[in-house]
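Welcome! Take a moment to look over the sequence and the fold before reading on.

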Amino acid sequence: MLAGGASYGAVQVGQLRALAKTDIAPDMVVGTSVGALNGTIVAEDPGSAPDRLAALWSTVTREDIFGKTLPTAYRLASRQSSAIDSRALQSFLERATSARSFADLKVPHTAVATDFETGEAVALRDGDLVSAVMASAAIPAIFPAIERDGRTLVDGGVVANVPINIAAAQGAQTIVVLDCGFTVVAPAQETTLRATLLRTAAIMASQQVRRDLEKVRDRTVLYLPGPWPIRTRPDDFRDSQELANAAFELSLEWLSKLRIEGAGRYGKAPSDFLVRKS
């Protein structure tokens, strides 16, 4: 289960490299936003995914995902419904995978989006793959919504950034969570509008994680560690290699000590670090 978090998706590269050193292999994949993109690579070929993702993330830039600054400024000035037209993101996705349909994947994959009219989480797992991942990553006001099957879809992170409950609803008994750490983004001392909006979104995501974890106490949940908190913004890709390496070392050490003794949660969620000690 791969969470959303834009550039923080580099963390999942390290976590997947660490998992490749174990006998843990996916029966299915569930991902939101960047997690849906990374999850597509995993589902296409789990064996080669860590190396393919490491190569992909070693060169990714902000422009690869969000495009050029000048067209963005033009769209904002002309009162478009989104700041970015998403062509850069689509091109990046199509370069990352040759799969174009969910049927092309070796392992079942679910891309989680949000119905912008009803506010419901939407589990996309068949048909056109590219539009599904684009919908899962369509951050409102940043990327345009995706029209699919009569629904207007936006980023799944709006309601299920860490879609633990969706994985459980699909029958997962052991849920391996690859969180990006978005819930601890934007330190409170930052007072810019961007930081305030990011922190608001992170708080909402942290509450969703806590609710989901309460619902799956009867499952085995492996919550891999990461380098929390991440100090860069989620639209800054310059530290991708460092984040991936840090997550690899942390996860490898954690997995080497892991002993599963029945249902329950193993490991800490990033949102656990937000609980104030009394």
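Two residues are said to be in contact when heavy atoms of theirs lie within 4.5 Å. Please keep in mind that the model shown here is predicted.

Which residues does L124 touch, once its neighbours within four places in sequence are left aside? They are F102, H109, T110, A111, A113, A132, A135, R148 and L153. L124 belongs to strand β3, which covers residues 121-124. Is L124 buried or exposed? The cut-off for buried is under 20% relative accessible area, and L124 has 7%, so it counts as buried.

Now for the chain as a whole. It has 11 helices and 8 strands. A compact globule of 278 residues would have a radius of gyration near 19 Å, and the 18 Å of this chain agrees with that. Some further overall values are gathered here.

| Property of the protein chain | Value |
|---|---|
| Span of the C-alpha trace along the principal axes | about 60 × 50 × 35 Å |
| Buried share of the 278 residues | 52% |
| Accessible surface | about 13400 Å² |
| Share of that surface belonging to carbon and sulfur atoms | 53% |
| Distance between the mean positions of the 30 positive and 31 negative charges | 5 Å |

Contacts also reach across the sequence: of those between residues at least 6 apart, 75% join residues at least 24 apart.

Next, the interior. In soluble globular proteins, nonpolar side chains tend to be buried together. In this model, the largest nonpolar core has 68 residues, and L53, W57 and I65 have the most contacts inside it. Apart from that core lies another, of 19 residues, including A160, V177, V216 and Y223. As for W57, its contacts beyond four places in sequence are A6, S7, G9, A10, V13, V34, N38, F237 and S240.

Why is helix α1 (residues 10-19) described as largely enclosed by the rest of the structure? It is because 9 of its 10 residues are buried.

Conventions
Residues numbered from 1 in each chain as written. Predicted model: local features only at pLDDT ≥ 70, side-chain atom pairs only at ≥ 80, totals over all residues. Heavy atoms only, no water. Core = buried A, V, L, I, M, F, W, Y, C linked by side-chain atoms within 4.5 Å. Buried < 20%, exposed > 50% of the residue type's maximum accessible area, 1.4 Å probe, protein only. Helix = DSSP H or I, 4+ residues; strand = E, 2+ residues; numbered from the N terminus. Rg over C-alpha atoms; globule rule 2.2 N^0.38 Å. Areas by Shrake-Rupley, 256 points an atom, 1.4 Å probe, with all protein chains shown as cover. Lys, Arg positive; Asp, Glu negative; His and termini not counted. Charge placed at Lys NZ, Arg CZ, Asp CG, Glu CD.
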